Amino acid sequence: MQHGPAVRRRKLGAELRALRTSAGLTSGEAARLVGWHQSKVSRIETGTSGVKPADVRLLLDAYGVADSQLRELLMMLAGSDDSGGRHHWWHAYRGVLPPTYRDFISLESQAGAMRTLETTVVPGLLQTPEYARAVTSAAVEGLAAERLDTLVEVRLARQDVLRADPPLELSAVLDEAVLRREVGGPGVMARQLEKLVEAARLPQVSLQVLPFAAGAHIGVTGPFVIFSFSSTSDLDVVVLDHLTSSLYLERKEDLQAYTEAFNALQIHALSPEDSLDFIAGTAAGA
């Protein structure tokens with residue numbers, strides 16, 4: 001398990017190595033094309049050193065990579081401030097957000113799909129402002145009002161990925177406890193459940209409820225997120241949140257294990273249609 005930046009460096013390096021091989025070039029030949037020493041190409045490909053977005057652009061040009069979506073994704077992994085002309089809005093919060101959170105947001109903004117199991121709270125992408133404030137305030141005690149406002153602002157800004165073109169495809173399995181836990185008081189919770197009903201009707205959102213009646217399940221070990229990228233599955237990653245940091249799993253075995261776990265949870269959960277009725281019924285009784 002690695003923190004986000006290390007995972008991203010290795011994933012970027014592995015993808016660049018694959019593209020070089022597809023172009024029929026040795027690392028030495030690639031280095032000569034861009035005017036570098038061969039050791040620099042090797043360090044980039046093994047993820048032992050960082051790489052500037054401008055250097056990634058040089059390599060992609062040398063390898064004849066024309067796929068704009070793939071180029072944009074690799075530039076993002078290199079830390080580009082401007083990917084495909086789109087400003088990375090979260091950079092304005094560098095002084096407020098920890099690096100692991102900024103890294104999560106950058107992956108979220110570039111992913112094609114996100115699968116998540118939530119066992120305690122509503123997914124951040126679906127939270128109302130009041131719910132987000134209550135959750136953030138409870139998770140980080142003693143927050144100054146201004147900092148709390150900023151963190152809620154960031155949480156709401158993240159939700160733009162569901163309205164992007166194309167939008168992020170969100171598949172979420174929610175333990176029934178998410179719907180029953182009264183966060184922020186009855187009024188806040190009632191409005192949050194109404195928002196979930198609205199979200200469940202969006203074509204890019206799939207919500208499934210895992211009812212208490214389902215008993216013990218593979219998700220009892222805790223929530224997780226799987227990010228998938230439409231350009232290449234080699235960049236897919238699992239994110240596990242902890243109290244003070246996030247951990248990223250990139251090995252194919254880990255990805256397969258969590259994908260199979262999510263598929264099993266979907267099977268045991270209510271269907272999206274029945275889940276919508278379940279959420280609506282919970283909201284009516286709130």
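Leu196 touches Val122, Leu126, Leu174, Leu179, Leu207 and Ile279, leaving out residues up to four places away in sequence; contact here means heavy atoms within 4.5 Å. This is a predicted model, so local features need pLDDT of at least 70 and side-chain atom pairs count only at pLDDT 80 or more, while totals for chains, interfaces and linings use all residues. Residues are numbered from 1 along each chain as its sequence is written, and side-chain values use heavy atoms, with hydrogens and water left out.

Leu196, together with Leu74 and Phe227, touches the most other members of the largest nonpolar core, which has 61 residues. By nonpolar core I mean a set of buried Ala, Val, Leu, Ile, Met, Phe, Trp, Tyr and Cys residues joined through side-chain atoms within 4.5 Å. Buried is under 20% relative accessible area, exposed is over 50%, and partly exposed is in between, with a 1.4 Å probe and protein chains only. Helix H10 (residues 186-200) gives this core its largest share, seven residues. Helices are DSSP runs of H or I with at least four residues, strands are runs of E with at least two, and both are numbered from the N terminus. Another core lies apart from that one and has twelve residues, including Phe224, Val238, Leu240 and Phe262.

Now the rings. There are four aromatic pairs in the whole structure. Rings of Phe, Tyr and Trp (its six-membered ring) pair if their centres lie within 6.5 Å; planes under 30 degrees apart are stacked, over 60 edge-to-face, and the rest tilted. Trp89 and Trp90 have ring centres 5.8 Å apart and planes at 85 degrees, so they are edge-to-face. Is Trp90 buried or exposed? Trp90 is buried, at 4% relative accessibility, and Trp89 is partly exposed at 24%. Phe224 and Tyr258 are also edge-to-face, because their planes are at 75 degrees, with centres 5.0 Å apart. That pair links distant parts of the chain, 34 residues apart: Phe224 is in strand E6 (residues 224-228) and Tyr258 in helix H11. Phe224 is buried at 5%, whereas Tyr258 is partly exposed at 23%.

Last, Thr259, which is in helix H11 (residues 252-268). Thr259 counts as partly exposed, at 21% relative accessibility. Apart from neighbours within four places in sequence, Thr259 is in contact with Arg115 and Ile226. The C-alpha atoms of Thr259 and Leu174 are separated by 16 Å, and the two residues are 85 apart along the chain.
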